[in-house]
Amino acid sequence: AQPNSACDSLTTTFLTTTPGVTYLWSLGDGTIATTNSVQHFYPNGIYDVSLTVVDINGCSKSINLPGYITVLPTPVAAFSYKPTIDSAIDLSSATIYFTNQSTFASTYLWNFGDGGSSAYSNPYHVYTDTGRFAVLMYAINDLGCFDSATAAYFVIQPDPVFFIPNTFTPNNDGNNDFFKIFSQRVAKVDITVFSRIGEQLYTIKSIDDSWDGTFRGSALNTGVYVYSGIIQFDSGKKKRVKGDITLLK
C-alpha cells in the first residue's frame with residue numbers, strides 16, 4: 001500500500017502479489033476485505049493492517065503490520081504574547097514572552113524578525129535594536145505537515161531620554177535663565193525645588209514649565225538648591241529624580 005501516512009485523511013490501495021485462493025484483510029478500523037486488492041479511506045488515526053493468504057493447497061501465510069497507517073490532523077498554529085503591540089515598546093523593556101496555543105503539532109519553529117529564532121514551545125525573545133519586527137511561527141506534526149501564524153509588527157523604540165541641568169543663571173541675558181527639564185517622550189512632570197533647609201520654593205508641573213529663580217516674587221541669591229520629584233514617560237513608566245541645582249548670578 002502506498003502511501004501509508006498523511007494528514008487529515010488518506011485513501012490508499014492495498015495489493016498483494018502472493019498467489020492464493022482466499023484473502024483476508026483486516027484494515028485496522030473494523031473493516032474486513034476478501035480480495036487481493038483493496039482501496040480504503042482512513043480518517044485521522046493510527047491503524048494496524050494484517051493479511052492472511054490461503055493457497056490452493058490450503059497453506060496459509062500471514063503478515064501483520066502494527067501501526068502501518070498513520071493519519072494525523074494538520075496542525076493549527078496560534079500564539080499569544082506579552083506585552084501586546086498596542087503601542088511601541090521601549091528598547092530597555094523589549095523582552096517578549098510567547099504562549100503557544102497551537103494544536104495537533106509536536107515541534108515548532110519561531111522566527112522573531114531580527115535574525116533570531118527558537119525551537120521552544122513557549123519561548124521568549126529579547127530585542128537588542130530598535131525597529132519593526134514581525135514574528136512568524138510554524139507548528140509541525142510528526143509527518144511534517146505544518147501551519148503558520150504571525151503577529152503584527154512589534155515596534156521597538158529608543159528609550160526615553162531626559163536631562164536635568166545642575167546649574168542655571170537667571171540674569172535675564174537670554175541664556176540659561178531658567179531651571180527646566182529637557183526630555184523626549186515625557187508625559188508628566190512633578191518636580192519640586194527646595195531650599196537647603198527644606199522650604200518649598202517652586203513646583204514644575206509640566207515639561208514646558210520652568211523656574212526663574214524667584215520665591216514669592218523676589219530673586220534668590222546665588223546658592224545651591226535641591227529638587228526631587230517624578231517624571232512620567234509616555235509609556236506610563238515613572239522615574240523618581242532628585243539632585244542639586246546651583247543658581248548663579
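In this predicted model, Arg132 lies over the face of Tyr153, at 4.4 Å from the ring centre; a charge counts as sitting over a ring if NZ of Lys or CZ of Arg is within 6 Å of the ring centre and within 35 degrees of the ring normal. Because the model is predicted, local features need pLDDT of at least 70 and side-chain atom pairs count only at pLDDT 80 or more, while totals for chains, interfaces and linings use all residues. Residues are numbered from 1 along each chain as its sequence is written, and side-chain values use heavy atoms, with hydrogens and water left out.

The overall form of the chain comes next. The protein chain has 24 strands and zero helices, where helices (H or I, at least four residues) and strands (E, at least two) are DSSP runs numbered from the N terminus. The radius of gyration of the protein chain is 37 Å, well over the 18 Å given by the globule rule for 249 residues, so the chain is more spread out than a compact globule. That radius is taken over C-alpha atoms, and the rule is 2.2 Å times the number of residues to the power 0.38. Along its principal axes, the C-alpha trace spans about 125 × 30 × 20 Å. The accessible surface comes to about 14,300 Å², and 52% of this belongs to carbon and sulfur atoms; areas come from the Shrake-Rupley method with a 1.4 Å probe, and for residues only the protein chains shown count as cover. Of the 249 residues, 34% are buried, with buried meaning under 20% relative accessible area, exposed over 50%, and partly exposed in between (1.4 Å probe, protein chains only). Among contacts between residues at least 6 apart in sequence, 54% join residues at least 24 apart; a contact means heavy atoms within 4.5 Å.

Strand pairing can be followed from β3 onwards. Strands of a sheet pair through backbone hydrogen bonds, either parallel or antiparallel. Here, two strands are taken to pair if DSSP finds at least two bridges between them. Strand β3 (residues 22–26) pairs with strand β6 (residues 45–54) in the antiparallel sense over five bridges, and Leu24 has Thr52 in β6 as its bridge partner. On to strand β7 (residues 60–72), β6 is joined by nine bridges, again antiparallel, with Val71 in β7 as the bridge partner of Gly45. β6 and β7 form a hairpin with five residues between them, and Gly58 in the turn has a positive phi of about 85°.

Thr70 also belongs to β7. With a relative accessible area of 18%, Thr70 is buried. Apart from neighbours within four places in sequence, Thr70 is in contact with Asn4, Ser5, Ala6, Gly45, Ile46 and Leu143.

β17 runs parallel to strand β24 (residues 238–247), joined by two bridges, and Phe168 stands opposite Leu247 in β24. The loop between β19 (186–194) and β20 holds Ser195. Ser195 is buried, at a relative accessible area of 10%, and, leaving aside neighbours within four places in sequence, is in contact with Leu201, Tyr225 and Val226.

A search of the whole structure finds 21 aromatic pairs; rings of Phe, Tyr and Trp (its six-membered ring) pair if their centres lie within 6.5 Å, with planes under 30 degrees apart counted as stacked, over 60 as edge-to-face and the rest as tilted. Phe14 and Trp25 form a tilted pair, 5.6 Å centre to centre with 45° between the planes. This pair links Phe14 in strand β2 (residues 10–15) to Trp25 in strand β3, 11 residues apart, and both Phe14 and Trp25 are buried. Another tilted pair joins Phe162 and Phe233, at 6.1 Å centre to centre and 40° between the planes. Since Phe162 lies in strand β16 (residues 162–163) and Phe233 in strand β23 (residues 223–233), the pair ties together parts that are 71 residues apart in sequence. Phe162 counts as partly exposed at 28% relative accessibility, whereas Phe233 counts as buried at 7%. Finally, Phe79, Tyr81, Phe98, Trp110, Phe112 and Phe154 form one aromatic cluster.
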